[in-house]
Every structure is written in C-alpha cells, then in structure tokens.
Amino acid sequence: MIKLFDLTKLAYCASFMDGEGYIEWTVREKKNGMGKKHLTHVYRMEICNTDIDLIQSLHDDFGQQGSLFKVKPRTEKHQPQLRWGMSHRKLYRLLKLITPFMREKRKINKAKEIIKWVENRHTTTK
C-alpha cells in the first residue's frame with residue numbers, strides 16, 4: 001500500500017479523481033442461492049485516461065490495488081484508454097487517503113457518504 005507520508009501522490013491521485021474519476025454508490029436488490037432477495041450496497045470508482053502510463057503509475061503508486069481494464073477505441077478517431085477500477089474495502093481505504101486533497105464538491109460529498117456509511121456499518125455490527 002502507499003506510504004502515508006507521500007502527500008504528492010495522494011494529491012495527484014485526488015486531482016485525477018476530481019477531473020477524470022467517477023464514484024458510484026448504489027443499493028441494489030440481489031438474490032441469494034435460494035432465491036431470497038436482499039439489499040446490497042455497491043460502491044466503486046473508476047479513473048480512465050488515454051495516457052496508459054499515467055493510469056498504470058497511479059495503479060502502481062497505490063500498491064496495485066483494484067483492477068486495470070483496457071478500453072478499446074469507439075471509432076478510428078478515438079484512442080485506446082486504460083481504466084483503473086476499485087470497489088468496497090479497497091476503495092474505502094483509498095477515499096480516506098485522498099478525500100482531504102479533493103476539490104470537486106459532488107465527488108467529495110459522495111466520498112464522505114461512503115466513508116461514513118462504512119465506518120457506521122462496522123461500529124454497529126461489533
């Protein structure tokens with residue numbers, strides 16, 4: 001995992017989350033093996049860019065947490081992209097690190113909601 005004292009990498013990642021990133025938190029209905037329905041929380045992020053080396057270095061800077069996906073160009077005019085995705089506990093840990101450096105209010109609010117929900121969830125189940 002990333003060194004906690006490396007503020008430059010945290011700020012750099014936060015800036016990409018602000019500009020190129022996406023944070024999702026949804027509650028979905030899911031069936032278990034016996035067909036019983038229950039609600040499940042899904043929270044994830046993606047950062048995508050045509051600079052393959054840049055996304056690869058972000059992934060490496062954070063201990064290669066999450067997954068990398070190659071995105072094929074939609075047309076000949078488009079360039080290939082690399083997408084870094086992360087979810088659940090790994091995303092929670094990343095958001096705890098980069099949220100103080102983020103500037104885009106909607107994404108900050110979404111990140112804080114996820115952090116608060118995860119922390120409250122784990123304190124009430126103990």
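The exercises below work through a predicted model of one protein chain.

Residues are numbered from 1 along each chain as its sequence is written. In this predicted model, local features need pLDDT of at least 70 and side-chain atom pairs count only at pLDDT 80 or more, while totals for chains, interfaces and linings use all residues; side-chain values use heavy atoms, with hydrogens and water left out.

**Exercise 1. Layout of the chain**

Task: State how many helices and strands the protein chain has, and in what order the elements run.

Solution: 
- Step 1. Helices (H or I, at least four residues) and strands (E, at least two) are DSSP runs, numbered from the N terminus.
- Step 2. The protein chain holds four helices and four strands.
- Step 3. Read from the N terminus on, the order is α-β-β-α-β-β-α-α.
- Step 4. Along the principal axes, the C-alpha atoms fill a box of roughly 45 × 40 × 25 Å.

**Exercise 2. Helix 1 and helix 2**

Task: Find which residue forms a salt bridge with Lys9, and where the two partners lie.

Solution: 
- Step 1. A salt bridge is a side-chain nitrogen of Lys or Arg within 4 Å of a carboxyl oxygen of Asp or Glu.
- Step 2. The partner of Lys9 is Asp61, with the closest N and O atoms 3.7 Å apart.
- Step 3. Lys9 is in helix 1 (residues 7-20) and Asp61 is in helix 2 (residues 52-61), so the pair, 52 residues apart, links distant parts of the chain.
- Step 4. Buried means under 20% relative accessible area, exposed over 50%, and partly exposed in between (1.4 Å probe, protein chains only). Lys9, at 32%, is partly exposed, and Asp61, at 23%, is partly exposed too.
- Step 5. Leu10 also lies in helix 1, but Leu10 is buried because its relative accessible area is 3%. Between Leu10 and Leu58 there are 9.8 Å in space, C-alpha to C-alpha, and 48 residues in sequence.

**Exercise 3. Other salt bridges**

Task: Give the count of salt bridges and describe the pair of Glu46 and Arg44.

Solution: 
- Step 1. The count comes to nine salt bridges.
- Step 2. In the pair of Glu46 and Arg44, the closest N and O atoms are 2.7 Å apart. Arg44 is partly exposed, at 28%.
- Step 3. Through shared partners, salt bridges join Glu24, Arg28, Arg44, Glu46 and Arg83 into one network.
- Step 4. Another salt bridge pairs Lys37 with Glu29, at 3.6 Å between the closest N and O atoms. Glu29 is exposed, at 55%.

**Exercise 4. The two cysteines**

Solution: 
- Step 1. A disulfide is a pair of cysteine sulfur atoms within 2.5 Å.
- Step 2. The whole structure contains zero disulfides.
- Step 3. Cys13 is buried, at 0%, and Cys48 counts as buried at 15%.

**Exercise 5. A positive patch**

Task: Name the residues of the positive surface patch and the element that gives the largest share.

Solution: 
- Step 1. Such a patch joins like charges within 9 Å, using residues with over 30% relative accessible area and no salt bridge. Lys and Arg count as positive.
- Step 2. The members are Arg89, Lys90, Arg93 and Arg121.
- Step 3. Helix 3 (residues 88-98) supplies the largest share, three residues.
- Step 4. Arg93 lies in helix 3 and is partly exposed, at 37%.

Technical notes: Patch = residues over 30% accessible without salt bridge, like charges linked within 9 Å, V, L, I, M, F, W, Y side chains within 5 Å. Areas by Shrake-Rupley, 256 points an atom, 1.4 Å probe, with all protein chains shown as cover. Charge placed at Lys NZ, Arg CZ, Asp CG, Glu CD.
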